[in-house]
Amino acid sequence: MALIELLEVTKTYRKGEHVVTPLANVSLSVDAGEFFVLLGPSGSGKTTLLNLVAAIDRPDRGSIRVGGVELGTASSSKLSDWRAEHVGYVFQQANLVPVLTAYENVELPLFLFGLSAAERHKRVAIALEAVGLADRATHLPKQLSGGQEQRVAIARAIVADPEILVADEPTGNLDHESAESVLDLLSHLHRERKKTVVMVTHDPRAARYGTRRMVLDKGELKEEGTAR
Amino acid sequence: MIRNRLFALAVCLAPFVVACSESKESAPPAATTASLPEAYHLAAEPAGAKDVLVLKTELKDGDSVVVRGRVQDFVNGLAAFVMTDGALKPCNEEGPMPTCETPWDYCCTDPAEITAASAGVEFRDGENVLRTDAQGFHGLDRLKWVTVKGVAKLDDKGNLTVVADGVYVKP
Amino acid sequence: MRLLPLDYAVRNLGRRPTRTLLAAASSALVAALLVATAAFVRGLDRTFQGAARGDTAILLSSVAERDVVRSTVVAGLGELVAASVRGVATIEGVPAISDEIHMGTNLALPGDKRARPGFVRGVTERAFLVHDAVTLIEGRTPRTGEVIVGRLVAEQLGVEPVALELGKELSFEGAAFTIVGRFAAPGTTIEGEVWTPLAPLRGLTRRDDSSATFVKVTEPAAIAELELFAKRRLDLELVVIPTAIYYKELADYFAPIRNLSWALAGLIALAALFGGANTLNATVQDRVRELATLRAVGYGGWALVGSLAQEALVLASAGALVGLLAARLFLAGSSVRIAMSAFELTVDAPAVLAGIAGALILALFGTAPAAWRVLKLPVAAALKEN
């Protein structure tokens, strides 16, 4: 069953004096439980598409429905609430708050749900355990390696237990070993926790982790292959 | 986390603690007033009225008098006022003078001249002046023309006070 | 709306220590300045309120335009009032009526090369019955050739307090006087005056009159009896002014100084406001990607604005605290010279509250440009910023 549906979506933005159209009449459907990988050269509009799926950007034309909810026309505050509940976002850089510990960074999304301190503690512990960093809970971001930071970011993304994980080049800034570990983790969350993962990458090795891959090139989506 | 919250709370509240409370002083009580008895009102101007300056030259202490002039100023809280001979002009009526906020004080006239042309008027109960304001009694106000009937009290410094039986206020 | 935890705001203050310190210092300055201004204005107001009483009035010459120094009344006016006016207060059988000479004159200390403008009051022992705020705190009442000095005279003359110790000399009108006492009269301009016996001062200044007569009555309504006296004795050319009104008029005279003080404080506060706004704006610029991440996580724009405001308020409060402590430490008890007198700064609750409120309001207003920026943050683009 399609969890994410894009129908003839167009997105343009201004870059200096030029108007760029990274997405023109793009349609896409991602089923619940898929590990969907979007490949493509840089500047091809991959991140734009991901931001639309994660509801942090809006299309100029077309419809985006996720879990039956139309995101294109929802208000800004409704989108904030929707994001908190349904999407975990893993960025190319971990984007952790430098003055908060790993634990506190992971805890941040939970304040949006009005949970008790005990409930928050339980959930953070589970999330950190899941990313293998329970022993780094009290560390500040600067005390962690790049790979560890990204795993904390993944813990932050899954702590509220969203059904969708979106990841924008999550291994782009990592060495080979750390990248493998992060991708293994995403794959594990997909398989064991039944998360629907939408990942953007230009790295063919990372792409192998997906159950379905498509290529976005010059605003056009093409099927790339099937799962390994 | 709790420590941080307490710190922030302490920082925010501390300046209010520095501001210690101080006591306030109370204001003095206001005087009470009643109105002047109607018996003092004269509906028509009594006959034989003389101007203050004229009267002062011919009367003796204890004479019954009828005196005419303009109200200069009142005593706040007591039934008494000062009247001045009509020959004196308040500064707002004296030619092309700039506007004067308190014309009844005859500020453009020599003080000695004002003193010579003025008389006190008192409404008494026995020896004491009535504890009420005369201002406002049948339109009695500063610079109003009045004729007062009463008994003259003259002191050795030439100060005339009329103990009034009645007052006529010219409309 | 769910806000970010307060810890986030508090810990953020440590991210740029120099910037935080500068912002706190500016907040401290504003708070201290507002306290100083309020203390000055309230001190000034209190000075006139302290002397303004409902049960005392001044008999002045009607031609003196309500100026005690320019006024002249007959020398024995006090006795005349005592004999003819009902309702005069008496203390142990003595009527509380004080004939006085008030004069602005040049005072000199031994060795002085320049004149020091000061205020001298010629009084009798009865002055203490009327001006009951006046208390001798040292020494005794003066006799011929002697003076007592108010607590703030040293400040008013611009000399060290030691120069006006008991036994020291003070000259005016060509004669030398020995200081035999020191008095306090809290909250009045009297503290900046020099008092000397009335009769010898008359002789010295070749006057046979007084400046004014101060009368204390049994109740405020009895002031009307004084007015009646003035109206009966037109030959004396008197006006009766309750001190409550006299000192209010005097206070109104200083209104421009008060307004100017507030205007200056306002200008400096405005400069601090722009400084604070700029700092917060720079803070937002520094954290664009982090703020965008928080938006992506699910925090609304207003939640982030709330967190920024918390940050600004905690910082402003900390700064204000320092400023207020400094103000209390340095200002309380210090005095200011003004015209012919001096008064003490009043660092009281309202003054301190003015400082706090000013600093906090500035902090909140200073958040506005940064808040606007946060609310208008293009999240998708900001996530890519470095």
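Two strands pair if DSSP finds at least two bridges between them. Helices (H or I, at least four residues) and strands (E, at least two) are DSSP runs, numbered from the N terminus. With that in hand, let us look at chain B.

This is a predicted model, in which local features need pLDDT of at least 70, side-chain atom pairs count only at pLDDT 80 or more, and totals for chains, interfaces and linings use all residues. Residues are numbered from 1 along each chain as its sequence is written, chains are lettered from A and ligands numbered from 1 in the order in which they are written, and side-chain values use heavy atoms, without hydrogens and water.

| Partner of strand 2 of chain B | Sense | Bridges |
|---|---|---|
| Strand 1 (residues 50-51) of chain B | parallel | two |
| Strand 7 (residues 145-154) of chain B | antiparallel | seven |
| Strand 3 (residues 80-84) of chain B | antiparallel | four |

Strand 2 and strand 3 of chain B form a hairpin with five residues between them. In that turn, B:Gly77 has a positive phi of about 90 degrees.

**A look at chain C**

Chain C holds 13 helices and 16 strands. Of its 386 residues, 54% are buried.

How values were computed. Buried means under 20% relative accessible area, exposed over 50%, partly exposed in between (1.4 Å probe, protein chains only).
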